[in-house]
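Keep it short, and group the points by topic.

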Amino acid sequence: VICVDADVPDSKRAAFVGTDWHDIGVKQAEAMLAALRGRRGKVALLGLIDQSIDQQAFDGFRSVAVKAGLNVMEPQHDQGNQVVATRVAAGLLQAHPDLVGMAGFDSESGPGMGQAIKEAGKAGRIVATCVEAMEQHVRLLKEGVLTACVRQKRALFTYLGVKVLDELA
């Protein structure tokens, strides 16, 4: 058995091919710190807060951001839904004027945060990082609304998983 995309680490699987979610959090925090250029303040996290992969990503983000002096807020649940992510991000922007950044950890977080940032007129002032680099994410990146997108190569996961399985056979 090979696990692809989502891992079951306590199983007897032969291998896992997929994303290291802790590393995705680290990469987002590093990108955010570079873009902030020494600015400090609050940073919001959005994602599927009950998923273990998002929790790993949040921990990875915190492991870099907190050491650098950012105030990382408790993760907010966006239900993996762009409309909900927009609403959550808009509420955070309104409630926290000292917010300097937002990091999203599911595929809908980035577009939702981007929409809220645009509507609030804060593009270029809020550093926003996210997971995925689909068309909508890239458009927001080119517009300067999103600062960084950490892309996964999901299309390769299944191919590589089958290749590993074939090598083990």
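The model is predicted. Helix 1 packs on helix 2 at an angle of about 40°, and helix 4 packs on helix 5 at about 35°. Strand 6 pairs with strand 3 and with strand 7.

**Helix 1 and helix 2**

- Two packed helices are described by the angle between their axes and the distance between the axes.
- Helix 1 spans residues 21–36 and helix 2 spans residues 52–65; their axes are 6 Å apart, at an angle of about 40°.
- Angles under 35 degrees would count as roughly parallel, and 65 to 115 as roughly perpendicular. Helix 1 is therefore oblique to helix 2.
- The crossing of helix 1 with helix 2 is right-handed.
- Helix 1 makes the contact through W21, H22, G25, V26, Q28, A29, E30, M32 and L33.
- Helix 2 answers with I53, D54, Q56, A57, D59, G60, F61, S63, V64 and A65.
- Sorted by class, the residues of this contact are 10 nonpolar, 6 polar and 3 charged.

**Helix 4 and helix 5**

- Helix 4 covers residues 109–119 and helix 5 covers residues 135–142.
- The axes of helix 4 and helix 5 lie 9 Å apart, at an angle of about 35°.
- Helix 4 and helix 5 cross in a left-handed sense.
- From helix 4, the contact uses G110, P111, G114 and K118; from helix 5, it uses Q136, H137, R139 and L140.
- The classes in the contact of helix 4 with helix 5 are 2 nonpolar, 4 polar and 2 charged.

- M102 of strand 6 stands opposite A44.
- M102 also has a bridge partner in strand 7, namely A128.
- Strand 6 is mostly covered, with 6 of its 6 residues buried.
- Strand 7 (residues 127–131) has 5 of its 5 residues buried, so the rest of the structure largely encloses it.
- In a regular strand the side chains alternate between the two faces of the sheet.
- In strand 7, V127, T129 and V131 point one way, while A128 and C130 point the other way. All of these residues are buried.

**W21**

- W21 belongs to helix 1.
- Buried means under 20% relative accessible area. At 4%, W21 therefore counts as buried.
- Leaving out residues up to four places away in sequence, W21 touches I53, D54, Q56, A57, F105, V131, Q152 and R154.
- I53 is 32 residues from W21 along the chain, and their C-alpha atoms are separated by 5.7 Å.
- Both W21 and I53 take part in the contact of helix 1 with helix 2.
- V131, another residue touched by W21, is one of the buried residues of strand 7.

**D59**

- D59 sits in helix 2 and is part of the contact with helix 1.
- D59 has a relative accessible area of 43%, so it is partly exposed.
- D59 and F157 are 98 residues apart along the chain, with 24 Å between their C-alpha atoms.

How values were computed
Residues are numbered from 1 along each chain as its sequence is written. This is a predicted model: local features need pLDDT of at least 70, side-chain atom pairs count only at pLDDT 80 or more; totals for chains, interfaces and linings use all residues. Side-chain values use heavy atoms; hydrogens and water are left out. Axes are lines fitted to C-alpha atoms, for helices over the stretch in contact, and angles run from 0 to 180 degrees between N-to-C directions. Helices (H or I, at least four residues) and strands (E, at least two) are DSSP runs, numbered from the N terminus. Angles under 35 degrees count as roughly parallel, over 145 as roughly antiparallel, 65 to 115 as roughly perpendicular and the rest as oblique. A crossing is left-handed if the near helix is turned anticlockwise from the far one by less than a right angle, and right-handed if clockwise. Contact means heavy atoms within 4.5 Å. Ala, Val, Leu, Ile, Met, Phe, Trp, Tyr, Cys and Pro count as nonpolar, Asp, Glu, Lys and Arg as charged, and the others, Gly among them, as polar. Buried means under 20% relative accessible area, exposed over 50%, partly exposed in between (1.4 Å probe, protein chains only). Two strands pair if DSSP finds at least two bridges between them.
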